[in-house]
Amino acid sequence: MDVGRCVIGESRPAGPILRCFNVHCKAQFGLGLAEADVFVLLDTLIGWLIRLVSAGATTMVVKKLCSTLAVFFTRFPDKWTHCTRHLICCLCNHRTPPDAIDSCPPTKELLEKATSIQKIVALWFSAIFLEEVSKIDTRNIKNHHFRDKVSLNADEAILLIENAIALPKEGNGSHLDTRLVTEGLQCFTSWAYYSMRTFVAPIPAIDKLKALNTRAMEWLQHDETFETTSEFLTDALINYSSFFTEGVVKLLYAFEH
C-alpha cells in the first residue's frame, strides 16, 4: 500500500475520509510496513485528527479516528511509546515527530493554553487507548510489554485529567466548561478502573490518581456533573474500595449527611 494514498483532501467530507482509511490503512496494520512508512502513517492520522477537530467534525467521527490511533498503538507500541504526551503536543502545540517531544513545552503548560476541544479530544483518546489495550490478554507473557507502555503514559494522562476537572479559579474570568469536566471525569474513571484491575501503573501514579478523588468529589455540587461523578464514586466504592483513602470515605459520608 502507498501510505501517501491516505491523504485528506480539504473538500472531502469526513465519511469518505474514514472509509478511505478503513479500506487502505487499517487493514495494513496487520501487515508489514517499512519503519519510515509507520511514522508517515502516524503523522497522516494525526494530521487528519487535527484537521477534523479544526473543521468541527462530529464527536462520532473524531472518536473513530481516536480509536484508529489507539489501534495504531497496539500494532506499533514500540514506535509510539509516549502516545499520550505526543498527541497532546500535536493537538495543543504543533505536529512534531514522536522522538522530538522533549523539545515541546511541558504538558502542564500546554494544557493551560489549550482550548477545551483540544483537551476533550486528548481525553477521548486516552480513554479509548485503555479500551484497546484492555482487549489484549496482558497475562500472556508475550504481551507484558503493553502493561509497561500503559504505565509510561500514566503521568501524562493524570496531568490531562487533573487539568480537565480543576475548579475554575475565582476572580480570573475562568469559564466553567461542564462538558470538559464531564469528559475529564469519564477519563478519570477509565484510568482508575484500569489501574485497580491490572495494577500496571507505578505506585506514585496510582497515588496521584487517588489524590484526584477529592477534586472529583467537588463536582457532586454541580447539577450537570453530579450524575457522572456519583456513578463513578458509587461504582468505585463497591468494586474498588481500596482506591479511596479513609479520609475520602469520611468526606463522602459527611457529604451525604
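Start by selecting K113 and E109: their side chains meet in a salt bridge, 3.7 Å from N to O (a salt bridge being a side-chain nitrogen of Lys or Arg within 4 Å of a carboxyl oxygen of Asp or Glu). Both residues sit in helix 5, four residues apart, or about one turn of the helix. Helices here are DSSP runs of H or I with at least four residues, strands are E runs of at least two, and both are numbered from the N terminus. K113 is exposed because its relative accessible area is 68%, while E109 comes in at 33% and counts as partly exposed. The cut-offs: buried is under 20% relative accessible area, exposed is over 50%, and partly exposed is in between, using a 1.4 Å probe and protein chains only.

A word on what you have loaded: this is a predicted model, where local features need pLDDT of at least 70 and side-chain atom pairs count only at pLDDT 80 or more, while totals for chains, interfaces and linings use all residues. Residues are numbered from 1 along each chain as its sequence is written, and side-chain values use heavy atoms, with hydrogens and water left out.

Next, zoom out. The protein chain has 11 helices and zero strands. Of its 257 residues, 49% count as buried. Take the contacts (heavy atoms within 4.5 Å) between residues at least 6 apart in sequence: 69% of them join residues at least 24 apart. The accessible surface is about 12,800 Å², with 52% of that belonging to carbon and sulfur atoms; these areas come from the Shrake-Rupley method with a 1.4 Å probe, and for residues only the protein chains shown count as cover.

Back to charges. Side chains of opposite charge can pair when their charged atoms come close. There are six salt bridges in the structure. One of them joins R95 and D43, at 2.8 Å from N to O. R95 is in the loop between helix 4 and helix 5 and D43 is in helix 2 (residues 35-54), so this bridge ties together parts 52 residues apart in sequence. R95 is partly exposed at 42% relative accessible area, and D43 is partly exposed too, at 35%.

While you're there, select T96. It is found in the loop between helix 4 (83-92) and helix 5 (107-113). Is T96 buried or exposed? Its relative accessible area is 9%, so T96 is buried. Leaving out neighbours within four places in sequence, T96 touches H86, C89, C90, I101 and C104.

Now pick K135 and E132, another salt bridge, this time 3.1 Å from N to O. K135 is exposed at 63%, whereas E132 is buried at 12%.

Last stop: the rings. The whole structure holds 11 aromatic pairs. Rings of Phe, Tyr and Trp (its six-membered ring) pair if their centres lie within 6.5 Å; planes under 30 degrees apart are stacked, over 60 edge-to-face, and the rest tilted. Select F232 and F243: their centres are 6.4 Å apart and their planes at 80°, so the pair is edge-to-face. F232 is in helix 10 (residues 223-239) and F243 in the loop between helix 10 and helix 11 (246-256), 11 residues apart. Both are well covered by the cut-off, F232 being buried at 3% and F243 buried at 1%. F243 also makes an edge-to-face pair with F244, 5.9 Å centre to centre with 85° between the planes.

To finish, select F72, F73, F76, W80, F125, F129 and F146, which ring pairs link into a cluster.
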